[in-house]
Amino acid sequence: MVVARRADEIVDIAARLFYERGYQSVSTRSLAQAAGIQGGSLYHHFTSKEEILYRIVQYGSGEFFAGLLPHLQTEDAPYPERLERFVRAYITGALQRRHAIAVLFRDMAQLAPDHFAELGAVRRNFQQRVQRFLADGVAAGAFAVPDAKLAGIAVLDLLKGVDAWMREPGRLSRRQVAETYSVLVLQLMGAAAP
């Protein structure tokens with residue numbers, strides 16, 4: 001249990017360092033130093049630096065994406081309300097994983113081919129489910145976009161870009177940004193706010 005917890009701590013430290021400096025610029029020595037361990041001790045927890053990147057991207061994609069999809073899948077609310085919940089959850093939930101999510105989008109290409117294929121499939125599946133939701137909303141008359149596939153890409157690009165510019169504390173809180181983005185995304189989709 002202690003070993004697993006320490007490995008998680010190292011992954012968190014690595015996510016921050018990779019976020020700040022880029023995967024290629026962080027040596028295993030500097031990572032071990034930041035974690036307060038000897039360089040060789042790093043390999044007690046991980047087989048390679050790439051395995052650490054894999055764990056970061058896994059955390060930044062699979063778990064995060066899986067937590068967002070229920071907002072779209074629930075049928076207890078109209079399409080615009082579900083999309084609004086999704087947008088808010090993405091922006092507010094990204095705070096906890098902001099380093100991992102940024103590393104996912106920037107450094108995923110550094111993964112070994114099998115890890116890249118696995119996590120690329122997770123990312124594509126998530127994107128396709130968002131696109132399918134929007135297409136269903138168009139078919140139901142809730143959204144008015146000429147191309148649901150392209151609209152899905154646009155929405156996800158807007159959301160992933162928040163952490164590139166947002167500074168905390170800033171003029172707006174994360175909650176306020178989430179509220180504003182939900183209105184903007186609904187307008188982009190041709191839907192009125194719920």
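Helices here are DSSP runs of H or I with at least four residues, and they are numbered from the N terminus. This is a predicted model, in which local features need pLDDT of at least 70 and side-chain atom pairs count only at pLDDT 80 or more, while totals for chains, interfaces and linings use all residues. Residues are numbered from 1 along each chain as its sequence is written, and side-chain values use heavy atoms, with hydrogens and water left out.

Side chains of opposite charge can pair when their charged atoms come close. A salt bridge is counted when a side-chain nitrogen of Lys or Arg lies within 4 Å of a carboxyl oxygen of Asp or Glu. The whole structure holds ten salt bridges. In one of them, E20 and R16 meet through their side chains at 3.5 Å, N to O. Because E20 and R16 sit four residues apart in helix α1, about one helical turn separates them. For accessibility, buried means under 20% relative accessible area, exposed means over 50%, and partly exposed is in between (1.4 Å probe, protein chains only). With a relative accessible area of 48%, E20 is partly exposed, and R16 is partly exposed with 30%.

E9 counts as partly exposed at 35% relative accessibility, and R6 does so at 21%.

I13 belongs to helix α1, which runs over residues 2–21, and at 17% relative accessibility I13 counts as buried. Contact here means heavy atoms within 4.5 Å. Beyond its neighbours within four places in sequence, I13 touches L31, A34 and A35. I13 and L31 are 18 residues apart in sequence, yet their C-alpha atoms are 7.6 Å apart in space.

Helix α2 (residues 28–35) contains S30. With its neighbours within four places set aside, S30 is in contact with L17 and R21. S30 counts as buried at 17% relative accessibility, and the buried residues of α2 are S30, L31, A32 and A35. Just after α2, the backbone at G36 takes a positive phi of about 75°.

Next come the aromatic side chains. Rings of Phe, Tyr and Trp (its six-membered ring) pair if their centres lie within 6.5 Å; planes under 30 degrees apart count as stacked, over 60 as edge-to-face and the rest as tilted. The count by this rule is nine aromatic pairs. For F65 and F126, the ring centres are 4.0 Å apart and the planes are at 5°, so this pair is stacked. Since F65 lies in helix α4 (residues 49–73) and F126 in helix α7, the pair ties together parts that are 61 residues apart in sequence. F65 is buried, with a relative accessible area of 4%, and F126 also counts as buried, at 4% relative accessibility. One aromatic cluster is formed by F64, F65, F86, Y90 and F126.

The expected span of a helix is 1.5 Å times one less than its number of residues. For the 13 residues of α8 (residues 148–160) this should give 18 Å, and the end C-alpha atoms are 18 Å apart, which agrees. The buried residues in α8 include A148, A151, G152, V155, L156 and L159. These residues cover an arc of only 130° around the axis, which puts them on the same side of α8; the arc is that of the directions from the helix axis to the C-beta atoms. K149 and L150, on the other side of α8, are exposed.

What do the buried residues of α8 pack against? Their partners are α5 (79–93), α7 (113–139), α9 (162–165) and α10 (174–188). At the start of α8, a side-chain oxygen of D147 comes to within 3.0 Å of the backbone nitrogen of K149.

E179 and R175 meet in one at 2.6 Å, N to O, and they lie four residues apart in α10, about one turn of the helix. E179 counts as partly exposed at 28% relative accessibility. Salt bridges that share partners join E84, R88, R175 and E179 into one network.

Terms used:
Helices (H or I, at least four residues) and strands (E, at least two) are DSSP runs, numbered from the N terminus. A polar contact is a pair of N or O atoms within 3.5 Å; within protein, one must be able to donate a hydrogen and the other to accept it, and residues adjacent in sequence count only if both atoms are side-chain atoms.
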